[in-house]
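Subject: Structure handover

Hello,

Here is the structure we spoke about, with the sequence alongside. My notes on what was found in it follow below.

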Amino acid sequence: MSGAGSPLDGLDEHQRQAAATLRGPVVVLAGAGAGKTRVITHRIAHGVDTGAYSPQRVMAVTFTTKAAGELRGRLRALGIEGVSAKTFHAAALAQLNYFWPQVAGDEAPRIVDNKVKLLAHAADALRLRPDRATLRDVAAQIEWRKVTMRTIEQYERLGRTVGSLKTDALVELMRRYEALKDERRQLDFEDVLLACAGMLEAEPRVAVAVREQYRHFTVDEFQDVSPLQNRLLELWLGDRRDLCVVGDASQTIYSFTGAESRFLLEFPTRYPDATVVRLERNYRSDGAVLEVANALMRGRPGALTLVAAAGEASSPRPEVVAYPDDRAEVEGVADAIARRMQSARADEIAVLYRSHAQSAAIQQALSARGIATSVLGGTRFFDMPEVRQAVLAIRAAAVAPHGAGFVDEVRTALRGLGHQDDPPAAGGALRDAWEARAAILRLAEEAPAGTTLRSFADDLMARAKDQHELAMRTVTLSTLHAAKGLEWPHVHILGFSEGLLPISYASSLEGVDEERRLAYVGITRAARTLSISWARQSEAGRGERAPSRFLAEIGPHLAQGRPSGTGTRGADGASATRGAPPRSSARTPTR
């Protein structure tokens with residue numbers, strides 16, 4: 001990083017402490033919006049800069065390929081190349097493919113590309129006829145069994161059932177699935193971790209080679225590690241202690257997939273000499289939003305107390321609005337978004353909800369108002385055909401530029417693919433294609449002075465490789481799970497009622513706590529304004545709902561919103577926070 005200053009520059013006191021501690025076990029308890037990715041990348045950059053780390057011997061482990069790509073992109077921007085930033089599965093698969101021929105004398109088994117399809121074949125062999133949804137749930141049970149390191153016999157003793165499959169049939173199906181997989185010489189996703197761990201345990205020379213290659217480990221989102229992932233990490237480390245883990249117990253929302261926050265919470269016990277750094281200064285959200293978040297998690301294990309870096313609250317107090325039914329709720333929220341768009345861009349707004357089934361109604365309501373939306377969890381930006389075509393067109397134009405100016409050259413290349421200045425009507429594939437090309441054109445318009453068509457094309461290719469997504473100027477619709485790690489200035493959370501949040505099947509104390517953490521994740525996505533809503537009845541009118549029990553915990557920090565526009569339908573704003581205490585002060589929100 002010659003001439004660029006120290007990687008420690010610009011970090012706050014606690015971030016700097018975490019980034020400057022390069023040796024020994026380190027645990028960074030990083031609250032939402034506290035800059036954990038910045039700390040991870042600047043810590044690695046500082047280690048390389050000072051000569052403490054060789055980039056090729058650093059392994060940064062993430063949970064998604066997108067997060068790994070973001071780490072690589074940020075490290076590249078800091079002038080650091082060669083660091084291995086991968087998911088647990090990608091790292092394990094690379095090691096398996098490399099060492100398997102040396103250990104077994106042949107190629108590594110192929111990876112199952114469709115677990116549900118293979119399960120269907122196994123069910124046919126047993127003359128079972130489960131539907132596709134049941135097979136998906138069986139696949140999830142197989143995944144959970146493996147990542148929690150249970151044998152089929154241990155799983156059988158749990159007495160679980162899936163749909164119409166009783167325990168005996170379920171276990172028999174699992175055994176047939178494993179046998180069929182072995183016959184075809186295949187591994188599934190979880191087997192990759194198991195096989196890699198087994199190879200490291202059984203083959204000392206492989207363990208020595210891996211530990212020689214990677215000397216310094218950083219693990220992001222450590223609250224989400226499963227017992228199997230933690231075991232693999234232990235095997236990678238051996239008896240060395242150069243490990244930094246980063247996480248937030250309050251954002252553990254994948255317990256149903258085998259994640260166990262105890263590995264994060266018990267880290268200081270396991271390593272009594274570990275450096276513990278708490279990042280509680282939030283750089284994302286207004287103080288009023290953080291008051292709601294802190295109230296929801298107060299007293300929970302590992303909960304951090306977030307403090308707004310900007311100081312006193314400056315935005316309106318978060319509000320809660322009750323509606324008579326689901327239709328009134330989505331219409332009211334859509335009206336609120338339409339008003340918000342008089343002063344904010346569409347891509348600054350998100351609507352979050354507990355389950356995918358809630359997305360269609362709000363998407364329809366927004367489309368009726370001419371407001372374009374993008375649903376998270378769809379096709380990745382650089383996998384969209386229109387984006388691939390645009391990148392190819394820009395690369396082709398870079399071979400023989402016309403000298404019309406960089407941005408004009410990009411615009412011309414996009415127009416050759418049918419791009420127009422004005423967007424088509426909201427909704428549909430045509431609008432999605434226009435928004436994607438518009439995002440590329442905006443990137444060109446915002447490029448630094450001196451950017452050429454060739455360097456811009458190279459940057460797009462690098463972004464595609466790292467899955468560094470571009471934001472389209474649409475309102476984002478997302479489940480609470482998919483929204484983790486993201487942020488927007490303005491957030492609406494739908495369905496804050498019993499049965500939806502917490503979800504109806506979260507009947508145990510542990511299940512309700514998971515739902516509380518999920519609500520916390522949703523709340524902490526909001527930077528400036530937060531609106532929570534719930535409906536007293538479903539659109540079908542099946543019984544009356546109660547407000548979420550979480551509203552009683554955060555009620556004093558919420559303003560009572562009053563339904564307006566098409567969403568009123570007789571709702572009474574005075575009872576909008578039924579189950580939540582009235583406002584605790586006379587403070588009036590400013591708009």
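Val289, Val292, Ala293, Leu296 and Met297 of helix α14 are in contact with Arg516, Arg517, Ala519, Tyr520 and Ile523 of helix α22 (contact means heavy atoms within 4.5 Å; helices are DSSP runs of H or I with at least four residues, strands are runs of E with at least two, and both are numbered from the N terminus). This is a predicted model, in which local features need pLDDT of at least 70 and side-chain atom pairs count only at pLDDT 80 or more, while totals for chains, interfaces and linings use all residues. Residues are numbered from 1 along each chain as its sequence is written, and side-chain values use heavy atoms, with hydrogens and water left out.

Helix pairs

Helix α14 (residues 287–297) packs against α22 (residues 509–523) at an angle of about 170 degrees, and their axes are 10 Å apart (axes are lines fitted to C-alpha atoms, for helices over the stretch in contact, and angles run from 0 to 180 degrees between N-to-C directions). That makes the two helices, α14 and α22, roughly antiparallel (angles over 145 degrees count as roughly antiparallel, under 35 as roughly parallel, 65 to 115 as roughly perpendicular and the rest as oblique). The contact of α14 with α22 has eight nonpolar and two charged residues, and no polar ones (Ala, Val, Leu, Ile, Met, Phe, Trp, Tyr, Cys and Pro count as nonpolar, Asp, Glu, Lys and Arg as charged, and the others, Gly among them, as polar).

Helices α5 (residues 115–125) and α8 (residues 167–183) pack at about 110 degrees, with axes 9 Å apart. They are therefore roughly perpendicular to each other, and the crossing of α5 and α8 is right-handed (right-handed if the near helix is turned clockwise from the far one by less than a right angle, left-handed if anticlockwise). On the α5 side the contact includes Leu118, Leu119 and His121, and on the α8 side Leu173, Arg176 and Tyr177 are among the residues involved. By class, the contact of α5 with α8 has eight nonpolar, one polar and three charged residues.

Helices α6 (residues 132–147) and α9 (residues 189–202) also have axes 9 Å apart, at an angle of about 15 degrees. α6 and α9 are therefore roughly parallel, and their crossing is left-handed. Glu143, Lys146 and Val147 of α6 meet Glu190, Asp191 and Leu194 of α9.

Sheets

Strands of a sheet pair through backbone hydrogen bonds, either parallel or antiparallel. Strand β11 (residues 319–325) is joined to β17 by two bridges, and Val320 is opposite Gln560 in β17.

Five bridges join β1 (residues 26–30) to β8, and Val277 in β8 is the bridge partner of Val28.

Backbone and confidence

The peptide bond from Leu501 to Pro502 is cis, with omega near 5 degrees; Pro502 is in the loop between β15 and α22. Arg185, although not a glycine, has a positive phi of about 55 degrees.

The protein chain averages a pLDDT of 86, and 90% of the residues score at least 70 (pLDDT is the predictor's confidence in each residue, from 0 to 100). Over residues 566–591, pLDDT stays under 50.

Regards

Key. Pairing = 2+ DSSP bridges.
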